[in-house]
Amino acid sequence: MTGAGALLLLTLGAAPPEDVTIRVTASSDVLSRNEVLQLGFHFPSRPERMFTPPVLPAFDLVSGPQEAVSIVNSSASYTWTFAYRPRQEGDFTLGPFELRAGDTVYRGPALTVRVVKESERQRALREALLKKVFVRLDVSRKQVFVGEQVVRTISFHEAVGLRLPERTLVPLSTAGFLEKPLGRQETRQEEIDGVLFQVVELHSALFPLAPGRLTLGPAQVDVKVAVPGRRRRGDRGDDFFGSAFEEFFGRGSYEQVRLSSEPVELEVLPHPAEGRPEGFGGAVGDFELEGSAKPATLRAGDPVTVTLKIAGEGNVENLSPPRFTEVPGFKVYEPEVQVTTSTEGRRLEGTVTVTQVVVPTSESATELPALAFSYLDTGSRGWRTLSWGPTKLSVSPPADRGSGIVAAPGERPAAAIPVLERDILPQKERAGLREHGAAWFESPLYLGGLSLPWIALFATTIWARRRERLRGSLALRRWKGARAAARAGLDEAAALERAGSASACYGALARTLGRFLADQTGVPPMSYGGAGTAAALVERGLDEERAQRVETLLLDLEARAFGGMDDNAEARRERRERVEALVTELDRRFPEPS
Amino acid sequence: MSRAALLLFALVTAGRTPEPLTPDRAQYLFQRSTEAYQAKRYEEAARDLEAVLEGGFESAAVHYNLGNAWFRLGKPGRAILHYRRAERLAPRDEDLRVNLGLAREATVDRLRPAASPAWRRGLFWARDSMSREELAALFVGAMGVLVALLLARRLLPSRGPPRVAARVAAGLTLALGLSLGARTWMDRPGRDGVVVVAESDARTGPGEEFAVHFRLHEGAEFRVLERRPGWTKIEVQDRRGWVKGTDVEGI
């Protein structure tokens with residue numbers, strides 16, 4: 001087993017060790033003489049035997065131990081707490097602690113505690129707090145050239161556990177610099193003099209604009225702290241779990257405190273005059289240049305795309321990349337410039353891509369001249385020039401000499417046409433005027449009209465669904481068409497009535513009514529007739545009075561139809577009207593079939 | 001004071017109560033401006049074209065020609081202003097692109113707008129290469145096709161067009177609708193601006209008492225962040241400052 005493994009085993013208490021390292025905490029860094037200091041010993045496993053409480057210089061043991069168990073991430077830790085009262089004012093180092101419990105020795109680090117007069121307690125608490133929260137300002141380099149990248153880091157340190165309610169970074173003046181933020185803030189932990197700090201860092205790339213001495217900062221952070229209140233009589237601060245911060249913040253009103261870092265002086269040097277390249281465009285940093293010309297084999301009149309990439313560290317957004325302006329034997333087009341940047345690695349980096357099309361006007365144009373890019377190299381602190389080319393091209397005569405810019409039929413190949421001057425293109429002849437104001441597609445009519453197709457689609461959807469439902473359900477079709485079918489039956493009965501056929505008329509009326517009821521209730525067409533009709537209708541939800549009327553009328557009609565009763569026309573008409581009234585009354589009174 | 005400056009003063013101070021123009025009169029002024037330009041009477045050409053705009057008419061050609069006139073008068077700021085306005089109406093005009101590039105090269109600061117990444121240019125191809133009017137017409141067309149396809153599928157469930165056609169139309173409609181919305185957002189008046197005086201100091205606050213943070217020259221383009229009486233807050237290349245409202249024009 002390695003030493004580290006053994007130590008880990010001992011510390012975790014997997015096997016009873018001889019020596020165990022423990023954590024020791026004090027309830028406050030600063031206390032007055034009438035307060036009590038709570039000293040907590042944190043064990044990874046419960047001590048099997050009691051140990052003798054440590055004797056502290058200038059402190060009297062008041063009480064203890066109090067035992068507490070806390071469970072974090074399924075792991076328990078045990079805290080034994082002793083209360084001490086100070087006997088005098090002063091700065092005291094308590095420990096290092098060595099507690100013996102049987103065969104086991106528990107060792108804890110030393111703590112520093114200040115005992116002050118009650119009147120000095122507030123100031124001392126504040127001083128103690130501000131040692132636990134501070135801000136720093138750093139730069140990557142203090143002597144730089146104009147335009148050189150300087151990474152500025154503002155780091156805000158806050159002791160772990162402080163939990164300040166508010167922290168606000170005061171905007172830092174960057175007059176004299178061009179500033180580019182480098183990503184989002186970063187958080188890390190750092191231990192300083194035994195205190196663990198949560199550190200929040202903000203990085204920015206700064207590019208000085210002019211030579212001279214420049215001062216950055218100080219960086220400032222506003223934090224909200226509580227102004228400690230005066231203790232009440234009898235309030236002896238016995239709450240062990242109140243840390244110095246909680247004690248400080250918990251008993252008074254809040255106050256905003258501005259934390260400041262030290263300012264940073266920068267010396268910005270001018271660009272060295274010696275050896276300054278002619279084509280220098282202000283680039284400072286560390287760059288690489290690569291280029292390509294494609295295709296390398298082509299006919300005169302065909303385009304060649306030249307791509308030049310400058311990649312590296314520095315202010316790539318303000319670079320002046322090289323480009324072709326006039327090349328004898330070539331027609332040169334305006335380049336397209338694309339800039340991409342990255343802030344990974346806490347530096348501003350990027351790539352400038354220049355894409356330019358050139359066209360050889362004859363097969364004699366076989367070489368693109370070199371392009372050079374000069375910059376002030378921050379690595380060697382001197383000038384550097386990168387170049388690409390010259391580039392050889394294999395240019396063959398154009399496929400059709402009769403067309404294009406190269407030559408007329410039968411003529412010798414045209415010489416290269418140099419670009420003499422560039423100028424704006426001419427006026428437009430067609431006015432294409434329209435009245436200024438809201439465009440047609442912003443008018444309320446248009447915007448309202450946009451909804452019409454959707455309304456039509458919605459209505460069609462509902463209609464189509466209804467149609468599909470009707471198609472798929474015979475019962476529904478019968479239920480919906482019951483009245484129309486009854487109307488046809490009544491017309492037939494009326495015709496028979498006019499023909500003087502009483503029996504047939506009553507038969508038609510009885511069938512019409514019976515079928516209407518069957519259609520409405522979703523049963524086979526001949527289901528209703530005679531006695532039992534009322535009961536069947538009541539079963540399907542019709543009230544008794546109506547059901548009884550229906551049954552009485554049906555029985556009457558059937559009796560007259562099958563009994564061959566030949567009464568007068570008035571009686572036939574009166575019964576036909578009763579059937580008609582019943583059909584109107586009962587139409588859709590029964591539930592719609594699902 | 002130069003002739004161009006006098007003309008600029010006259011154009012800026014005049015026309016506060018513009019007379020409404022008839023379409024024929026606007027057309028006549030446009031033709032007259034073309035003739036004046038060809039005769040190298042650039043001031044007259046600019047005046048006629050400004051009158052067309054003041055009279056309530058506009059077109060990409062009017063802004064383009066006006067940009068040319070201002071360019072000839074040695075005012076690259078106003079030239080860029082009108083080229084940019086023309087660009088909104090005719091984003092694929094090659095002549096316009098060339099002239100705008102030349103006008104930018106004629107400025108002191110030679111600021112160029114940051115190029116979008118290739119993926120964004122691919123994704124927003126329609127937004128960047130079409131005017132709002134074109135996008136709106138295509139959007140209506142695509143939506144009409146989509147609704148027709150949906151109606152056909154609804155009315156003829158068995159013989160209707162395939163579902164994939166409706167999905168393609170829906171995707172196209174959505175893309176065009178989003179492009180139209182984005183284009184409308186980008187083209188909102190006053191989103192961008194341009195310096196129209198020889199030199200303009202960008203201060204740290206909206207007043208003469210604030211320090212000069214940086215300095216821009218005629219033709220510098222910027223993003224407008226805020227307007228207050230007499231002052232405009234701008235952003236250019238990650239720098240922010242307040243410039244006098246009279247030094248700049250919203251595009």
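Two strands are taken to pair if DSSP finds at least two bridges between them, and helices (H or I, at least four residues) and strands (E, at least two) are DSSP runs numbered from the N terminus. The structure is a predicted model, in which local features need pLDDT of at least 70 and side-chain atom pairs count only at pLDDT 80 or more, whereas totals for chains, interfaces and linings use all residues. Residues are numbered from 1 along each chain as its sequence is written, chains are lettered from A and ligands numbered from 1 in the order in which they are written, and side-chain values use heavy atoms, with hydrogens and water left out.

Strand β33 (residues 434-435) of chain A is joined to β1(B) by two bridges, and the two strands run antiparallel. Within this pairing, A:E435 is placed opposite B:F57 in β1(B). The contact (heavy atoms within 4.5 Å) draws 50 residues from chain B and 42 residues from chain A. Buried area is the accessible area (1.4 Å probe) that two parts lose on being put together, summed over both; for chain B and chain A it comes to about 4,300 Å², 55% of it on carbon and sulfur atoms.

Seven salt bridges are counted between chain B and chain A, a salt bridge being a side-chain nitrogen of Lys or Arg within 4 Å of a carboxyl oxygen of Asp or Glu. In one of these, the side chains of B:D93 and A:K428 meet at 2.7 Å, N to O. On the side of chain B that touches chain A, at least two residues each come from α2 (23-38), β1 (57-58), α4 (60-72), α5 (76-89), α6 (94-105), α7 (118-123) and α9 (132-155) of chain B. The most is given by α9(B), with 13 residues.

Over all chains, the whole structure holds 62 salt bridges. In chain A, A:R188 forms a salt bridge with A:E201, the closest N and O atoms being 2.8 Å apart. Because A:E201 lies in strand β17 (residues 195-208) and A:R188 in strand β16 (residues 186-192) of chain A, the pair ties together parts that are 13 residues apart in sequence. A:R188 also meets A:E190 in a salt bridge (2.8 Å, N to O). With buried meaning under 20% relative accessible area, exposed over 50% and partly exposed in between (1.4 Å probe, protein chains only), A:E201 is buried at 7%, while A:R188 is partly exposed at 33% and A:E190 is partly exposed at 22%.
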